[in-house]
Amino acid sequence: MFEICADPQNLQELQWLACYLTSGKHILFYQSFGVVMLLLVITAPVSLGFGFIGASAARSPIAPLRWFGKGYTSIVRGVPDIAFFLFFVIALDQAFEWLRHQVKCPDWDAPIRQGSDFVVCAQAKLPLSTSPQWVHESYGFTLAVLTFAIVFGAFAANVLFGAMRSVPRAQMETAEAYGFSHRQAFWRILVPQMWLYALPGLSNLWMILIKATPLLFLLGVEDIVYWARELGGSKTARFSDYPHGDWRMYYFGALLVFYLLLTKLSEIVLDKLMARLSHGQATAAGEAQRKAAA
Amino acid sequence: MSCWDTVMDYGLRSIGIGERLLPRSDFTLCQQFTLIGSGMIWNIYFGVLALAFGFFLSIAVALGKSSATPLIRKPAEWFIFLFRGSPLFIQFFFAYFAFLSLKQVAPIFDPLTSAAFGATIVLFLNTSAYAGEIFYGALKAIPKGDLEAADAYGIMGWKRFRRITFPTMLRLAWPAYTNEAIFLFHATALVFFSGFPAWQQRGDALYYANYFADKTFNPFVPYPILAFYFILLTLSVITIFGAINRRLTRHLPQETRPKLRLRLMLVR
């Protein structure tokens, strides 16, 4: 990065550290923080969407749709989330390849599961073996995002389902009295009002999502945990310009601090948001605001 | 080989009793059931130990957080923030590498680098922080009248804590504490994926489920088996904690007894 870094052996303590922390691999490490943020930014709205679909399905008058919604919200109960992560990544991958296999190679007659192997025709492979490296990486990341979105969508569906039920019944009755159709009442009365009731649950979910991001590592994405292990391990002078002992403890200490800061920041922002949403509402928080102002 | 032989061979494999070599090919359903079930021993071990010790520390932390002296309150608040604000996964990694460094200093810390001790300590501290927050909330929710009545009867100090504050706090916190216990058991599945080595392939249920999924490249068998075991575990936790809940609330009229309600929060 800097001029002086050309010859790391002759550097003083501070300069050495500055050069070390700006080496090419460290830049990749810093970029992986961006991967975590990207995951958060993509997963949050997608899982909220999944959750909304799940919650709406769970209160649908059509029975199979309702069963689907109820089933979706309850799959994540009772089983560790990490098991879902490990499961969905392989299952989704195989499901996609199987679907493509059915479409692209209809006259393939060998079985797909041969002993311990999962064999699809070459055109159905995802990503194609001829595609460049970045396609492979982004496919892995997409699978991870989808897995996160499915699991957290189930959590969000549970929260939103509860929030929809918390909207005072009288509001819906008034809508019906004014001749709103079922659909109109849902979109114009229920949905705008449910957010206040959903927010505590959703902010809790956001905190949980933040704390689940290191599990990306288990899904095979080169994230911060991967780089912290990689960079922190002891390096000898033969293989690295910057030999050092086992520093993994410090790297993970830094990750710990990163997550604590992220949590603190989120807490502050979510408190502000809650205060704003409570404004003028007939809830305890809204009432407290009114009293404080008066 | 019959299924019973497999159970004899692998039933206690996760604690090092029985056949040393894991199955390498021709995996049967029986092998998967047995080995994953054998791995559950570790999950139960971690969960029970962490809960048993964590119960006491969490009450201490809750009392600390509600203390009026900043010298006691601040450390308790920081402890809770540290363990609730960061992912357990990172805590495991950090602790493991910290224990490795400690080992360099003095060989007495050697056992800490094993999952059996090191991971239990992390889980113990983690659950203490989560449960401490729950108990703190319950402390704040004790009806004012109960404490005033204690004052009126001249019950003070330690006696007031033991007779009034503590039982009420426990009763109020119990439903939430039950959830915490369930999530703690789920969190034990992280141990062998976060630095702590599975010595001689003695791992927990998820470790073996992952082993089978990797070997057979078929996730649709081992993970549902794992789910089955965990649902069983969750149900037993609910049963045991429900029985304690009934005992804690036995003096209350039937309809005012708080029911155990499962809430969702699976990741920490």
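## Annotated spans of chain B

Residues 44-64 of chain B are 100% helix and 0% strand, with the end C-alpha atoms 29 Å apart. This description, like the rest of the report, concerns a predicted model. In the UniProt record, an unreviewed entry, the annotation "transmembrane region" covers residues 44-64, 76-99, 181-200 and 220-244 of chain B.

## Overall build of chain B

Chain B contains nine helices and zero strands, so that its pattern along the sequence reads α-α-α-α-α-α-α-α-α. The C-alpha trace of chain B spans about 75 × 50 × 25 Å along its principal axes.

Of the 268 residues in chain B, 52% count as buried. Among contacts in chain B between residues at least 6 apart in sequence, 74% join residues at least 24 apart.

## The interface between chains A and B

The contact between the two chains draws 43 residues from chain B and 40 residues from chain A. About 3,900 Å² of area is buried between chain B and chain A, and carbon and sulfur atoms give 78% of this area. Zero salt bridges are counted between chain B and chain A, while four residue pairs are in polar contact across the interface, both residues being at pLDDT 80 or more.

On the side of chain B that touches chain A, the elements giving two or more residues are α3 (70-85), α4 (88-105), α8 (205-216) and α9 (222-248) of chain B. The largest share of this side comes from α4(B), with nine residues. By type, the residues on this side of chain B comprise 30 nonpolar, nine polar and four charged.

## Salt bridges

Side chains of opposite charge can pair when their charged atoms come close. Over all chains, the whole structure holds nine salt bridges. One of them joins B:Lys65 and B:Glu133, at 3.0 Å from N to O. This pair links distant parts of the chain, since B:Lys65 belongs to helix α2 (residues 29-65) of chain B and B:Glu133 to helix α5 (residues 115-140) of chain B, 68 residues apart. B:Lys65 is buried at 15% relative accessibility, whereas B:Glu133 is partly exposed at 22%.

Another salt bridge is formed by B:Asp151 and B:Arg160, whose closest N and O atoms are 3.2 Å apart. B:Asp151 is partly exposed at 42% relative accessibility, and B:Arg160 is partly exposed with a relative accessible area of 26%. Salt bridges that share partners also join B:Lys65, B:Arg84 and B:Glu133 into one network.

A:His244 lies in the loop between α8 (224-232) and α9 (248-278) of chain A. A:His244 counts as buried because its relative accessible area is 9%, under the 20% cut-off. Its side chain makes a polar contact of 3.0 Å with the side chain of A:Tyr20, and the side chain of A:His244 also reaches the backbone oxygen of A:Leu231 at 3.4 Å. Leaving aside residues up to four places away in sequence, A:His244 touches A:Tyr20, A:Leu231, A:Gly232, A:Gly233, A:Ser234 and A:Lys235.

In chain A, A:Arg248 forms a salt bridge with A:Asp246, and the closest N and O atoms are 2.9 Å apart. A:Arg248 is partly exposed, with a relative accessible area of 21%, and A:Asp246 is partly exposed at 33% relative accessibility.

Notes: Residues numbered from 1 in each chain as written. Chains lettered and ligands numbered in written order. Predicted model: local features only at pLDDT ≥ 70, side-chain atom pairs only at ≥ 80, totals over all residues. Heavy atoms only, no water. Contact = heavy atoms within 4.5 Å. Buried area = accessible area lost by both parts, 1.4 Å probe. Salt bridge = Lys/Arg side-chain N within 4 Å of Asp/Glu carboxyl O. Polar contact = N/O pair within 3.5 Å; in protein donor to acceptor, adjacent residues only side chain to side chain. Helix = DSSP H or I, 4+ residues; strand = E, 2+ residues; numbered from the N terminus. Nonpolar A, V, L, I, M, F, W, Y, C, P; charged D, E, K, R; others polar. UniProt positions renumbered as here; feature names shortened; annotations may be inferred. Buried < 20%, exposed > 50% of the residue type's maximum accessible area, 1.4 Å probe, protein only.
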